[in-house]
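The sequence and structure come first.

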Amino acid sequence: MTPPSPTTQAAAPTIASDQQSRSSFINADKWLDTDGKHINAHGGGVLFHDGVYYWHGESRPAQRGGPSGVGVYSSRDLYNWKNEGLALAKVDDESSDITHGCIIERPKVIYNARSGQFVMWFHLELKGRGYAAARTGLAVSRSPTGPFTFVRSLRPNAGIWPEGFPEQSRSPLARADVKAVNDEMGFRPSLEAGVYTRRDFEGGQMARDMTLYVDDDGKAYHIASAEENYTLNIHELNDDYTDFTGRWIRVAPGGHNEAPAVVKHNGKYYMLASGCTGWDPNPARVLESTSIWGPWKNTGNPCRGVNPANKLGPNKTFGGQSTFILPVQGKPSAYIAMFDVWRPRTLHESGHIWLPVTFQNDRLIVQWRSEWDLSVFQQ
């Protein structure tokens, strides 16, 4: 692709506010933008580009049929966020995968220096199909605030077996035959052996809760909950981050993990995730590996302390669910774990919890703090 001309680069936003600016993270409070409105960006992630942080997340409508899609906010200090509008909006076109009525979740945006494009991937469910489609969507833009252009949706790596998949199991399985295999082998052994991998081989693997991770070498990875949410899949992206290379692995088959968020610290990869209990909170867990290609080991619950606002502790992840681990610029080894506090009846009002990540004896730890600021990383 041709690199963009200088005129296509987005100007850094001016952070203006009619309310008192914040100088700390307050987890027991409503998260307000610089206009004094609740931040409507859920299941999202944060991109740092040219001195500015961009927070992309699900923009849920306050009223049925209202504008929705992927919202974006900008900040220079991580405390104060300006609403930049919809980066990707659903459309009035019944032939489009992102027509009104579809479900867009877990959007993540990364920048590709090779193409000069901002690349967004997200979990997409097609209109009228509930959560049966389990696809991932792709959109691109020359600006971090958009508008992003929707490219396509798909299930990853159709017709390609994962690395390490047994040769004797490399035969596609008709959907109608899954139950018979489960009954014969037992559900758990059948799952671990890849019954759903075989079922989804020809059409591509499921991709629900997802995240993106860009490694030190510039390689990017799409990580998504698959196999009816029982397994996480890591898919390598191509050089411009807009397609899959065909290299992928299954992680923790049968682990029932979703809401993945990845960070690399001192050469080790850490994947923060949750269990699968719908909108309700459950215990977080961390999977660790010395290679993105595994093996990955579950090292247990990283959370410590209790959220005094709801009296919930590690067994309920303070009332939240993981969405992203944010590296703080200019502060080596400083990371923020981002969580959503889901309110399924009023999703646009779902809350946010941000907490500092620490490492104790090589273990990732998330300690509750009702209020804190970036100075904790100097301690």
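Val178, Val181 and Asn182 are buried in helix H1 (residues 178-185). Buried means under 20% relative accessible area and exposed over 50%, with a 1.4 Å probe and protein chains only; helices are DSSP runs of H or I with at least four residues, strands are E runs of at least two, and both are numbered from the N terminus. Seen down the axis of H1, the buried residues fall within an arc of 100°, so they line one face of the helix. The arc is taken over directions from the helix axis to the C-beta atoms. Lys179, Asp183 and Glu184 are exposed on the other side of H1.

This is a predicted model, in which local features need pLDDT of at least 70 and side-chain atom pairs pLDDT 80 or more, while totals for chains, interfaces and linings use all residues. Residues are numbered from 1 along each chain as its sequence is written, and side-chain values use heavy atoms, without hydrogens and water.

The buried residues of H1 pack against helix H2 (187-192) and helix H3 (195-199), where contact means heavy atoms within 4.5 Å. Just after H1, Gly186 has a positive phi of about 95°.

A cavity is a set of points on a 1 Å grid over the protein atoms alone where a 1.4 Å probe fits but cannot get out; lining residues have an atom within 4 Å of a point. Volume is the space filled by probe spheres set on the points, which are joined across faces, edges and corners. The count is 2 cavities of 30 Å³ or more.

| Cavity | Volume | Lining residues |
|---|---|---|
| Largest | about 40 Å³ | Arg22, Ser24, Phe25, Ile26, Trp31, Leu32, Ile39, Tyr79 |

Strand S16 (284-289) and strand S22 (363-367) are the elements that give two or more residues to the lining of the second largest cavity.

Technical notes
On a 1 Å grid over the protein atoms alone, a cavity is a set of points where a 1.4 Å probe fits but cannot get out, and a pocket is an open set with protein on both sides within 12 Å along at least five of seven lines; lining residues have an atom within 4 Å of a point.
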